[in-house]
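Hi everyone, thanks for coming along. Let me put the sequence and the model up on the screen, and then we can walk through them together.

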Amino acid sequence: MDPFRGKGGIQMLLTAEQEAQHVVSSARNLKLQTLKHAKEEAERDVALYRSQMETDYRKKISETSESSGSNVKRLEEETESKIQILKASASRVSPEIVVILIKYVTTVRT
């Protein structure tokens with residue numbers, strides 16, 4: 001006898017399908033949360049690095065304040081260029097980084 005015949009069997013199949021959809025939805029949400037968290041961490045790391053670089057820049061400026069103005073100007077330009085690159089990289093995370101982060105998160109959690 002087929003266990004899925006009749007109203008009880010149909011209800012079992014509908015319930016199983018709903019549970020499967022819920023599991024898939026939960027997994028998708030977890031993956032999105034993990035990616036969002038990884039992106040936030042990457043942006044924090046970039047901001048921290050930028051802050052450290054700005055501190056180093058100020059230190060170099062104070063050390064070279066007695067140097068010629070051209071050295072100070074060159075340091076300002078180099079640092080400003082690096083800051084612009086970091087700002088641009090903070091607004092986007094490359095797909096390669098996302099893939100690496102996904103692999104890292106999945107290997108850490110297993």
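Let's begin with pLDDT, which is the predictor's confidence in each residue, from 0 to 100. What you see is a predicted model, in which local features need pLDDT of at least 70 and side-chain atom pairs count only at pLDDT 80 or more, while totals for chains, interfaces and linings use all residues. Residues are numbered from 1 along each chain as its sequence is written, and side-chain values use heavy atoms, leaving out hydrogens and water.

For the protein chain, the mean pLDDT is 76, with 70% of residues reaching 70 or more. Confidence is highest in H1, at a mean of 84, and lowest in helix H3, residues 95–109, at 68.

Now the fold. The chain has 3 helices and 0 strands, giving the pattern α-α-α along the sequence. Both kinds of element are DSSP runs numbered from the N terminus: helices are H or I with at least four residues, strands E with at least two. Take contact to mean heavy atoms within 4.5 Å; among contacts between residues at least 6 apart in sequence, 60% join residues at least 24 apart.

How much of the chain is buried? Of its 110 residues, 12% count as such, where buried means under 20% relative accessible area, exposed over 50%, and partly exposed in between, with a 1.4 Å probe and protein chains only.

Let's zoom in on helix H1, residues 6–63, where Glu43 and Lys39 sit 4 residues apart, about one turn of the helix. Side chains of opposite charge can pair when their charged atoms come close. Here, the side chains of Glu43 and Lys39 form a salt bridge, at 3.1 Å from N to O. The rule asks for a side-chain nitrogen of Lys or Arg within 4 Å of a carboxyl oxygen of Asp or Glu, and the count comes to 1 salt bridge. Glu43 counts as partly exposed because its relative accessibility is 27%; Lys39, at 36%, is also partly exposed.

Thr34 is in helix H1 too. With a relative accessible area of 14%, Thr34 is buried.
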